[in-house]
Structure formats: structure tokens, C-alpha cells
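Student: I am new to this one. Could you show it to me, and may I ask how you know what you tell me?

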Amino acid sequence: MPIQNSAHAHGIAGARFFPATMTVDDPAVADELSLPTVSHLEGDAAETDISAEYSKRLTSTLGVSFGESWTRLKAEGLAAASGFQNLETTLKWQALTSAEHEAILALGLSAEWNGT
């Protein structure tokens with residue numbers, strides 16, 4: 001029996017593809033694992049963030065995600081400080097997908113859990 005490999009893109013409405021970017025999340029609900037995302041900012045203080053996120057589709061239009069970040073701060077002349085951020089969860093609902101209008105509308109609710 002031959003092995004069939006296939007991939008199915010998400011975030012498509014008509015001929016338009018909606019990718020995730022560094023500043024804007026894609027509007028589609030999907031099963032995804034993002035490991036790791038690293039960012040570094042220089043200035044009066046240097047900040048390095050290493051984060052990960054797991055997203056799980058519960059239905060074709062509803063999904064949940066869990067994210068965690070580790071941060072290191074270093075200001076000139078001061079000792080560095082580092083540690084984990086609060087656990088963040090997001091519930092996302094893909095409310096509208098219109099191929100005719102090449103549009104996707106999603107609503108989300110995010111929460112950070114203090115002390116986690």
C-alpha cells in the first residue's frame with residue numbers, strides 16, 4: 001500500500017491566504033506547535049524573550065491555545081534578571097469565513113494566569 005503524504009493549509013478564504021506574522025496572529029483555528037520563538041531588543045535595557053505556544057482545534061471554528069515565555073532583562077550597570085512569565089491561554093472563535101469576499105473574522109479572549 002503506497003504512503004500518501006499531504007498537507008492542508010489553513011487560513012484560506014477564496015484565493016486569499018492569511019499567514020501568521022510576528023505582530024498579528026492568523027485568524028484561522030488550527031492545531032499548531034510553535035517552538036521556540038526568540039526575540040531580542042537592545043536599548044537602555046536589553047530584553048530577550050524565548051516563548052512557546054500550543055494551539056488545539058476543538059471544533060472546526062473553535063480553538064484554545066496555551067503559551068509560556070521566559071524573559072531576561074539586563075540594564076546597563078545593573079545585574080540581569082530573568083524568569084518565566086505568567087501562563088497565557090486564549091480561546092479563539094473563527095466566526096466568519098467568506099470565500100466570496102476573501103475574508104476571515106475571528107474573535108479571541110486571552111487571559112494571563114497570575115502567579116503561574
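Tutor: Gladly! Let us start with a term: buried means under 20% relative accessible area, exposed over 50%, and partly exposed in between, with a 1.4 Å probe and protein chains only. By that definition, buried residues make up 19% of the 116 residues in the protein chain. Please keep in mind that this is a predicted model, where local features need pLDDT of at least 70, side-chain atom pairs count only at pLDDT 80 or more, and totals for chains, interfaces and linings use all residues. Residues are numbered from 1 along each chain as its sequence is written, and side-chain values use heavy atoms, leaving out hydrogens and water.

Student: Which elements does the protein chain have?

Tutor: It has eight strands and zero helices. Both are DSSP runs, numbered from the N terminus: helices are H or I with at least four residues, strands E with at least two.

Student: Why is the protein chain called more spread out than a compact globule?

Tutor: Its radius of gyration is 18 Å, well over the 13 Å from the globule rule for 116 residues, so the chain is more spread out than a compact globule. The radius is taken over C-alpha atoms, and the rule is 2.2 Å times the number of residues to the power 0.38. Along its principal axes, the C-alpha trace spans about 60 × 40 × 25 Å.

Student: Why does Ser 55 count as buried?

Tutor: Ser 55 has 13% relative accessibility, so it counts as buried. Its place is in strand β4, residues 45-57.

Student: What is Ser 55 in contact with, leaving aside its neighbours within four places in sequence?

Tutor: Ala 30, Asp 31, Glu 32, Val 64 and Ser 65. Contact means heavy atoms within 4.5 Å.
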